[in-house]
Amino acid sequence: MNKTFCLLIALFLTGMGFAQGPPILTGTPVMLGLEGNGLRTFGKLILKEEGFVYVQPLGIPYNISPKFQVGGILPFKYVKPGEAEAASGLTDASVFAKYQIFKRDGRAKTFRILAKVQHTFPSGNTLSSPPIGAGIHQTYVGFVAGRISSSIGLYSDFGYVFTSRKAADRFLYNFGVSLPLLPPKYPQKQLNTLLELNGSYLVPLDLHTLFLSPGIQFIPGRRILFEASFQIPVLFRTRFNIIDSNKTRYVVLLGTRFLLH
């Protein structure tokens, strides 16, 4: 009887996670559903003061167990720096692992914390002009937390990026709120609105940037999700006299996620 009850609760929470949908730019602590064995891809257009950058990553997460997930990310990048010639190709690839360190489930709600490690390899072409890859190893170590119910999802993640070759380390943080616009029902169909804050602090330069990112998700069924986000820079601050002549004006993201099984 206890095993049957636990299974029903797990299935209910999985469905609830689908109804909320994972945040678009902030990490999610739910490793089931669309963050489980599946595919994620999105087009990300970054419009600069001069030129633009387009990135199309393909992410493949895989659940080793309900508490442990691994995956890889292979991105394609196109860079058009103003009037100069464009460059394109596969950029730096990443592998990651997540492990659930805390979970507390309640009636129609859950609170979870994950530890996350991600390593990015200098696999992109650095000889092109402009370069497609960063040319350095980058290791991210951080935590993901979230409180999810049928009426609201609260998410956060924060971590530190260690870099090789004496490049600048970074502290990254994200916060997200998700609100479903449709009541929970079966078969699943949900429309979610999201509001996220995405921050980066470049340690050696004391450079702090922050984006405000409203977004929307449409979940037409159990195995697929469509999403869009619009990022607006709201903070660019440093103690040093740094002038970024090619700052980001805004970022547009359009993507989809598939659940394989």
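**Salt bridges and a nonpolar surface patch**

Arg-112 is buried, at 6% relative accessibility. In this predicted model, its side chain meets that of Asp-105 in a salt bridge, with an N to O distance of 3.9 Å. Asp-105 is partly exposed, with a relative accessible area of 32%.

The structure holds four salt bridges. Arg-40, Glu-227 and Arg-257 are linked in a network of such bridges. Glu-227 pairs with Arg-40, and the closest N and O atoms are 3.0 Å apart. This pair links distant parts of the chain: Glu-227 lies in strand S12 (residues 224–238), Arg-40 in strand S1 (residues 38–48), 187 residues apart. Glu-227 also forms a salt bridge with Arg-257 (3.0 Å, N to O). Arg-257 lies in strand S13 (residues 248–259) and Glu-227 in strand S12, so this bridge ties together parts 30 residues apart in sequence. Glu-227 counts as buried because its relative accessible area, 4%, is under 20%. Arg-257 is buried as well, at 1%.

A nonpolar patch lies on the surface. Tyr-99, Ile-101, Phe-102, Phe-111, Phe-143, Phe-158 and Phe-171 form it, with about 620 Å² of accessible area together. Strand S5 (residues 94–106) gives the most to the patch, with three residues. Phe-102 lies in strand S5. Its relative accessibility is 32%, so Phe-102 counts as partly exposed.

Of its 261 residues, 43% count as buried. Among contacts with a separation of 6 or more, 56% join residues 24 or more positions apart. The accessible surface comes to about 14,100 Å², of which 66% belongs to carbon and sulfur atoms.

Notes:
Residues numbered from 1 in each chain as written. Predicted model: local features only at pLDDT ≥ 70, side-chain atom pairs only at ≥ 80, totals over all residues. Heavy atoms only, no water. Patch = residues over 30% accessible without salt bridge, like charges linked within 9 Å, V, L, I, M, F, W, Y side chains within 5 Å. Areas by Shrake-Rupley, 256 points an atom, 1.4 Å probe, with all protein chains shown as cover. Helix = DSSP H or I, 4+ residues; strand = E, 2+ residues; numbered from the N terminus. Buried < 20%, exposed > 50% of the residue type's maximum accessible area, 1.4 Å probe, protein only. Contact = heavy atoms within 4.5 Å.
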